[in-house]
Amino acid sequence: MTTETGFIPSHGNYTELLSYKKSLIVYSGTVLFCERFLNKRDRTVDQMVQAARSGKQNIIEGSMASATSKETEIKLTNVARASQEELLEDYKDYIRNNRGVIWGKNSKEALFVRRLAYQKDESFETYREFLETRDGIVCANIMICLVNQCNFLLDRQIRRLERDFVKFGGLRERMSQVRRNYRKY
């Protein structure tokens with residue numbers, strides 16, 4: 001939890017976070033989706049790509065800030081979650097606006113996509129063929145599944161960050177504890 005000085009925890013290993021790995025898939029999938037199905041002059045393209053990017057980048061920034069500000073880490077992880085939720089609504093809008101059907105959580109199609117998440121070394125490549133060859137409604141539904149998975153992971157991560165804060169406190173508390181321990185000796 002801490003370094004030799006006793007109050008700055010290890011931080012910044014965001015590439016190991018499942019939420020980051022999934023957000024990277026969501027970002028790449030969103031870029032591809034927008035290239036294939038939306039007019040690049042449509043403002044929605046910028047909104048969707050930026051929401052996907054924000055979801056990913058705020059996980060990175062929160063992880064890097066975690067050593068000195070648990071509050072910032074929690075806030076930025078929540079921003080990532082909010083960005084993913086915005087993106088989710090864009091995919092649902094696409095399906096509704098194109099008279100498609102949003103897959104149910106337990107539909108055979110959604111269950112197929114959810115099972116892909118358990119493949120060893122899951123990455124964007126796991127989904128690329130589907131996203132490059134299916135129609136817009138199917139691709140939007142695949143992306144909804146992926147965003148929902150990312151949201152699940154972020155919700156879990158936020159709950160963990162909250163528990164860790166309650167258990168270990170923030171930087172000021174750790175610094176004070178180290179100082180008190182130093183004065184004892």
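Mentor: Buried means under 20% relative accessible area, exposed over 50%, and partly exposed in between (1.4 Å probe, protein chains only). Helices (H or I, at least four residues) and strands (E, at least two) are DSSP runs, numbered from the N terminus. The model is predicted, with pLDDT of at least 70 needed for local features and 80 or more for side-chain atom pairs, while totals for chains, interfaces and linings use all residues. Residues are numbered from 1 along each chain as its sequence is written, and side-chain values use heavy atoms, leaving out hydrogens and water.

Trainee: Which residues of helix α4 are buried?

Mentor: Helix α4 covers residues 108-116. Its buried residues are Ala 110, Val 113 and Leu 116.

Trainee: Which exposed residues does the face of α4 turned away from its buried side carry?

Mentor: That face is opposite the side discussed above. The exposed residues it carries are Lys 108 and Arg 115.

Trainee: Is α1 roughly parallel or roughly antiparallel to α5?

Mentor: Axes are lines fitted to C-alpha atoms, for helices over the stretch in contact, and angles run from 0 to 180 degrees between N-to-C directions. Helix α1 (residues 18-37) and helix α5 (residues 124-133) pack at about 20 degrees, with axes 10 Å apart. Angles under 35 degrees count as roughly parallel, over 145 as roughly antiparallel, 65 to 115 as roughly perpendicular and the rest as oblique. Therefore α1 and α5 are roughly parallel.

Trainee: At what angle do α1 and α3 pack, and which residues of α3 make the contact?

Mentor: Helix α3 spans residues 70-97, and its axis is 12 Å from that of α1, at an angle of about 35 degrees. Contact means heavy atoms within 4.5 Å. On the α1 side, the contact is made by Ser 23, Val 26, Gly 29, Thr 30, Phe 33 and Phe 37. On the α3 side, the residues are Gln 84, Leu 87, Tyr 91 and Tyr 94.

Trainee: Is Gln 149 buried or exposed?

Mentor: Gln 149 lies in helix α6 (residues 136-168). Not counting residues up to four places away in sequence, Gln 149 touches Lys 22, Val 113, Arg 114, Ala 117, Glu 122 and Tyr 127. Its relative accessibility is 12%, so Gln 149 counts as buried.
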